[in-house]
Amino acid sequence: MSTITENISLKEQFLELYRNKSGEIAANSAPLMNALRDNAIGKLEKLGFPDRKKEDYLYADINSVFRQDLEKSFGEQKINFNIREIFHCDVPHLDTSLLLLVNGRFYNNGQELRELPGGVIAGSMKQAAKDYPEIVEKHYGRYSGNSKDGLVALNTAFAQDGIFVYAPPGVRSEKPVQIVNIMISDTGQMAQHRNLFIEGEDAGLNIVVCDHSLSAHRFLTNSVNEVFAGERAQINLTRIQNEHNGSTQITHSYSHQEAGSHLASNIISLHGGFIRNNVFVKMNGEHAENHSMGLYLADKNQYIDNFVFIDHSSPNCFSNQLYKGVLDDTALGAFTGRILVERDAQKTNAYQSNNSILMTDDARMYSRPQLEIYADDVKCSHGSTLGQLDEDALFYMRSRGINHREARLLLMFAFAHDVIKNIRVKALRERIDHLVNKRLRGELSRCNNCAMQCG
Amino acid sequence: MLVIKDLKVSIDGEEILKGINLEVRAGELHAIMGPNGSGKSTLASVLAGRELYEVTSGKVTYKDQDLLEKSPEERAKEGLFLGFQYPIEIPGVSMVNFMKTAINEMRKHRGEEPLSASEFLKKMREKKDLVEISSSLTNRSVNEGFSGGEKKKNEIFQMAMLEPDLAILDETDSGLDIDALRIVARGVNNLKSPHNATIVITHYQRLLDYIVPDFVHVLYNGRIVKSGGKELALLLEEKGYEWINAEEVNQ
């Protein structure tokens with residue numbers, strides 16, 4: 001199926017793929033999703049793939065990762081593994097409603113969509129587009145539609161399924177919805193799924209996304225998440241990226257916040273060869289509050305790149321970005337944090353902070369704060385630090401008998417915990433503390449009962 | 001317990017210690033006094049293993065072993081403790097976690113089982129009372145947001161927890177009000193036994209009103225220029241370090 005043709009541009013390859021496969025793609029998806037494809041492919045044709053000449057992708061070598069030899073399949077996929085046997089995510093004391101995505105497809109356990117206790121509806125994106133067309137149509141493609149990123153157009157053109165979560169107005173669900181996104185195959189694989197999380201007025205949701213790779217093949221995921229938070233809705237999104245180092249993960253998250261809504265997202269990047277997270281937030285109503293946070297732990301040849309764009313288009317909103325990371329060996333990290341305060345967005349409070357620790361001389365980090373402010377009565381700040389572990393603190397601990405290695409771990413862990421402590425679900429926070437601790441110790445940071453050894 | 005012979009130490013090519021000789025036996029309390037810049041803190045740091053300094057000659061024997069060969073943590077595990085002049089703040093590392101890790105590392109070194117959570121908390125409670133340090137401090141990150149006095153009390157608290165054989169207290173009295181000074185001194189006196197030794201480094205005689213040394217040494221310009229009993233401290237207080245200067249010149 002997949003061929004590597006160096007002299008044909010990536011764009012041409014995918015345009016051709018679309019020409020050949022659009023029938024199959026549509027047949028295995030839903031009309032509402034299909035409706036946006038032709039327009040999206042036109043956009044891809046115009047925008048192309050991002051390359052390093054583009055300001056927003058200065059350090060990400062998108063071309064190489066897409067040129068890997070990967071299977072792109074659009075029909076039913078036979079999974080030659082018993083997922084339930086291999087994968088059992090056992091987070092102690094964390095009671096979740098579990099949804100599985102396998103290679104970008106909703107993993108059917110007899111029910112494509114279900115109503116969870118409390119009234120949240122969750123399941124297959126494809127099915128939701130058929131069963132809840134009026135809701136899906138109102139939101140699908142609406143928040144990512146203005147993107148200038150060819151990769152988003154690529155996803156819209158090819159995505160066939162994903163996860164749909166809907167909290168109707170007033171429905172507040174404490175129990176987290178857990179989405180386990182698994183890549184598993186006996187050959188290299190590309191997946192492009194599409195998630196849609198919708199919250200009506202005064203609704204509340206906790207969503208946890210865990211990304212795993214369960215076989216030692218090259219994987220590429222290019223996924224788009226659209227999030228709508230209605231007035232006064234509350235949503236906590238936590239993502240744990242834990243794929244092996246032969247995998248590529250590109251995520252695009254578009255959140256649209258109405259007045260008084262509160263959205264907190266934490267992206268914990270533990271493992272993965274090439275990770276690029278794009279986080280776009282639009283503050284569309286007054287008194288909305290957004291916390292976008294991330295923790296990246298990279299070693300060997302890992303590449304982790306976070307790009308955050310907070311668009312304050314309404315007055316009296318608050319946003320806070322906190323991204324921290326530790327880079328070891330020859331790892332490369334990048335962070336771009338953009339705050340746009342539009343002309344009418346008076347009384348905006350917008351903050352940003354990016355702190356990285358470099359463990360070796362060969363590890364690198366690029367940090368770019370970008371503030372664009374058109375209103376005159378705002379409070380905005382940004383800070384970026386890059387450094388080594390505090391030698392004085394290390395000596396202090398060693399002088400108390402704590403080994404050098406242990407002292408370093410304690411300091412790194414304290415550094416990382418700054419991000420983790422903001423995760424609101426306690427059991428999840430404790431679990432992530434534990435995973436991060438193991439990750440920093442160089443032990444495997446996979447879920448307890450998962451037989452595969454990611455990383 | 002500790003024997004320092006002709007110790008010379010430089011930093012960035014500049015010689016700070018120019019041949020220190022000192023012997024400390026179990027059960028003794030030594031005070032090292034001297035003006036600013038005489039090398040007091042350098043001596044303390046070198047003994048604790050700070051790597052900023054270069055030992056150019058001399059020998060330090062601790063418990064009949066070469067001290068300078070050992071890493072800071074090995075020294076600590078062998079019972080050497082440094083009370084910092086400027087204790088370090090470590091945001092995000094809780095006092096409890098810090099002390100528990102330290103104590104269990106030491107126990108492991110001695111071939112003992114780690115303390116259980118309840119044993120550890122019991123020990124914390126006992127030692128907290130000794131230095132009158134409040135629980136609100138031990139529940140926080142190490143030294144973070146502590147006042148100067150609280151930081152110094154916290155040093156004595158750690159010393160009480162770790163029960164060292166040789167404690168070196170670097171200007172533990174500086175910046176303390178009289179109440180905190182009394183508490184610190186009481187901690188030091190209570191922890192003193194015939195089996196351990198203490199070196200108190202201080203600028204002022206004041207601390208020695210509460211902690212009575214067996215020996216007083218005057219460190220001046222990188223050398224110990226005078227040693228004597230506790231009366232030497234009083235003489236210094238009366239005549240000032242200028243007096244040493246004059247003596248030096250006369251010699």
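This is a predicted model: local features need pLDDT of at least 70, side-chain atom pairs count only at pLDDT 80 or more; totals for chains, interfaces and linings use all residues.
User: How confident is the predictor in the complex and in chain B, as given by ipTM, pTM and mean pLDDT?

Analyst: For the complex, the predictor gives an ipTM of 0.95 and a pTM of 0.88. Chain B has a mean pLDDT of 91, and 98% of its residues reach 70 or more.

User: What describes two packed helices?

Analyst: The angle between their axes and the distance between the axes describe the pair. Take helix α3 (residues 37-47) and helix α8 (residues 150-158) of chain A: their axes are 8 Å apart and the packing angle is about 150°. Angles over 145 degrees count as roughly antiparallel, and α3(A) is therefore roughly antiparallel to α8(A). The crossing of α3(A) past α8(A) is left-handed.

User: Which residues of α3(A) and α8(A) meet?

Analyst: From α3(A) come Arg37(A), Ala40(A), Ile41(A), Lys43(A), Leu44(A) and Leu47(A); from α8(A) come Gly150(A), Ala153(A), Leu154(A), Thr156(A) and Ala157(A). By class, this contact of α3(A) with α8(A) has 7 nonpolar, 2 polar and 2 charged residues.

User: At what angle do the axes of α9(A) and α10(A) cross?

Analyst: Helix α9 (residues 391-398) and helix α10 (residues 404-420) of chain A cross at roughly 130°, and their axes come within 9 Å. The two helices are therefore oblique to each other. Here α9(A) passes α10(A) in a right-handed crossing. On the α9(A) side the contact is made by Ala393(A), Leu394(A), Met397(A) and Arg398(A), and on the α10(A) side by His404(A), Ala407(A), Arg408(A), Leu410(A) and Leu411(A). Of these residues, 6 are nonpolar, 1 is polar and 2 are charged.

User: Which strands does α10(A) lie across?

Analyst: Helix α10(A) lies across β13, β15, β17 (318-327) and β19 (349-358) of chain A, and runs at about 155° to β17(A). Those strands belong to an open sheet of 10 strands in chain A, with mixed pairing and the order β2-β1-β6-β9-β11-β13-β15-β17-β19-β21. At the edges stand β2 (105-106) and β21 (379-387) of chain A; each has a single partner strand, so one side of each is left without a neighbour in the sheet.

User: Do strands β13(A) and β15(A) run parallel or antiparallel?

Analyst: Strand β13 (residues 262-271) and strand β15 (residues 289-298) of chain A run parallel and are joined by 8 bridges. One partner pair can be named: His262(A) has Glu289(A) in β15(A) as its bridge partner.

User: What is the strand order in the sheet of chain B?

Analyst: The order is β2-β1-β4-β5 in an open sheet of 4 strands, and the pairing is antiparallel. Its edge strands, each pairing on one side only, are β2 (14-24) and β5 (65-66) of chain B. Within the sheet, strand β1 (residues 2-11) and strand β4 (residues 54-62) of chain B run antiparallel, joined by 7 bridges. Lys5(B) has Lys59(B) in β4(B) as its bridge partner. Helix α1 (residues 40-48) of chain B packs on this sheet and touches β1, β2 and β4 of chain B, its direction making about 70° with that of β2(B).

User: How many residues does each chain give to the contact between chain A and chain B?

Analyst: Chain A gives 17 residues and chain B gives 19 residues. On the side of chain A, the elements that give two or more residues are α9 and α10 of chain A. The most come from α10(A), with 7 residues. By class, the side of chain A that touches chain B has 7 nonpolar, 5 polar and 5 charged residues.

Terms used:
Residues are numbered from 1 along each chain as its sequence is written. Chains are lettered from A and ligands numbered from 1 in the order in which they are written. Axes are lines fitted to C-alpha atoms, for helices over the stretch in contact, and angles run from 0 to 180 degrees between N-to-C directions. Angles under 35 degrees count as roughly parallel, over 145 as roughly antiparallel, 65 to 115 as roughly perpendicular and the rest as oblique. A crossing is left-handed if the near helix is turned anticlockwise from the far one by less than a right angle, and right-handed if clockwise. Two residues are in contact if their C-beta atoms, placed from the backbone, lie within 7 Å. Ala, Val, Leu, Ile, Met, Phe, Trp, Tyr, Cys and Pro count as nonpolar, Asp, Glu, Lys and Arg as charged, and the others, Gly among them, as polar. Two strands pair if DSSP finds at least two bridges between them. pLDDT is the predictor's confidence in each residue, from 0 to 100.
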